[in-house]
Every structure is written in C-alpha cells, then in structure tokens.
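Please open the model in a viewer and keep the selection tool at hand. The stops below are meant to be followed in order.

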Amino acid sequence: MELSAAVHGRRTVRRFKQVQVRETELRAMLDAARLASSGGNIQPLRYIVIQAPALVSRIFENTAWGGLVKPRRNPEPGKTAPVTFIAVVSPKSGNNTHHADAGAAIQSMTLTAYSLGIGCCWIGAFKRENVDMILELPEDSTVIYLLAAGYPDESPVQEDIGTGMPVNYYLDDNDVLHVPKFTVDAITQWR
Ligand SMILES: Cc1cc2nc3c(=O)[nH]c(=O)nc-3n(C[C@H](O)[C@H](O)[C@H](O)COP(=O)(O)O)c2cc1C
C-alpha cells in the first residue's frame, strides 16, 4: 500500500471481528514501533502483546471507548471487542519525550496495521493502576498507552472541515462513524 493511502485511509476502529490477529502481522507492527523516532534515541519503551482471551477481557474492563458517541461504540465482549491489546510500557521516571516516543511508535504501528487490514484504537482513557497491576509490572514501570487491535468490523470515514466547524466525531443514520479533520488551510500559516 502507498504511504499516502495509509495516511489518508487509516481511521480509529472500535468494532472488531472475533478473530485472532496473525502473529506475523503483530510482529510487523512491533517492527514499525521499534524503528520509530526516539528522543536521544534512548528507546525507553517496551511492549506487551496481550492475546490470551482471559487477559484481554481483564484489560478491556479497564478501558473507555468513543466518549463522543457512547454507548454506541462501546465494543461488546464476545461480539465486537478487540482481540488484542498492545501495552506500551514506559519507565515511571519518563517525561514528555517518552510520550512523544510513544506517539511516534503508535502512529507507526497503526499505519502498518492499516496497510495489513488491521484496525486499531489508541487508548489513553484506561485505569492505569489496575492495568499495571494486572500486567504485574515492576514498581518503576507503567503502561502509558494501550493499543487495541483486530480485524475491523466497521468502516469509519473522514471528512474535511474548515476553521470554526465542530470537530466532534459522530455516527450517521447508517451507523457509520464520521471523523472531521481540519483542512491544511484551516490550520497552517505560511510565512
Ligand atoms: C492520545 C490519544 C488517546 C486516545 N484515547 C482514546 C480512548 O481512550 N478511547 C477511544 O475510544 N479513542 C481514543 N483515541 C482515539 C481518538 O478518539 C481518535 O484518534 C480521534 O477520534 C480521531 O480519529 P482517527 O484516529 O480516526 O483520526 C485516542 C487517540 C489519541 C491520539
């Protein structure tokens, strides 16, 4: 897939088929993560791939989904819930650079996933202490983000908006998720 097609076509997915993601595809995502930019090239992040159904459910119980359209994009266990989480683990002493590193790594993972037909939801709204405990992390580490992944069971669409227009994503009458994005001209100055 052309990079431009992935950049334009990738959308957050919150409904998943109940099929395990192939390990080769998860490895391709992790390979993209490891090659992402890193402040000072310190590479502080570590990854935990969670696929065991019982563990996935425990993590899922501690996540929040699609706040602007809830409850309609709350995945349902056994029906539309993610089959995989990738936990992005950082040292607790981490600073903004670690979050920036995570952003670069997660974006690389989501674009790679999209090119392989896998949908992702980047999760920042989760009960961190619970997730750290469930994953039995050492005291000096924490999950800074979760990435849910699976084969998509929805096809969200993007639409262009100009300055001053609402940014809220929404569901239309056909239950299709629309994601507004500002145009280049709305958000860019040239000097
Ligand atoms: C830092 C960050 C945290 C996010 N946390 C959540 C979350 O907890 N739950 C959720 O459903 N979506 C979450 N999202 C997904 C955003 O809602 C989504 O990226 C946004 O609506 C734009 O849609 P798009 O990814 O299709 O462009 C998060 C995205 C980012 C970048």
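Begin by selecting helix 4, whose buried residues are H98, D101, A102, A105, I106, M109, T110, T112, A113 and Y114. Buried here denotes 20 or more other C-beta atoms within 10 Å of a residue's own, with C-beta atoms placed from the backbone. Helices (H or I, at least four residues) and strands (E, at least two) are DSSP runs, numbered from the N terminus. This is a predicted model, in which local features need pLDDT of at least 70 and side-chain atom pairs count only at pLDDT 80 or more, while totals for chains, interfaces and linings use all residues. Residues are numbered from 1 along each chain as its sequence is written.

Helix 4 (residues 96–115) spans 29 Å from its first C-alpha to its last, close to the 28 Å expected at 1.5 Å a residue, the expectation being 1.5 Å times one less than the number of residues. Just beyond the helix, G117 adopts a positive phi of about 85°.

Next, display helix 1 (3–9), helix 2 (23–34), strand 2 (84–91), strand 3 and strand 4 (141–150), against which the buried residues of helix 4 pack. Then centre on C120. Apart from neighbours within four places in sequence, C120 is in contact (C-beta atoms, placed from the backbone, within 7 Å) with V13, M109, T110, A113, L147, A148 and A149.

Definitions and conventions. A residue is buried if 20 or more other C-beta atoms lie within 10 Å of its own, exposed if 12 or fewer, and partly exposed in between; C-beta atoms are placed from the backbone. Two residues are in contact if their C-beta atoms, placed from the backbone, lie within 7 Å.
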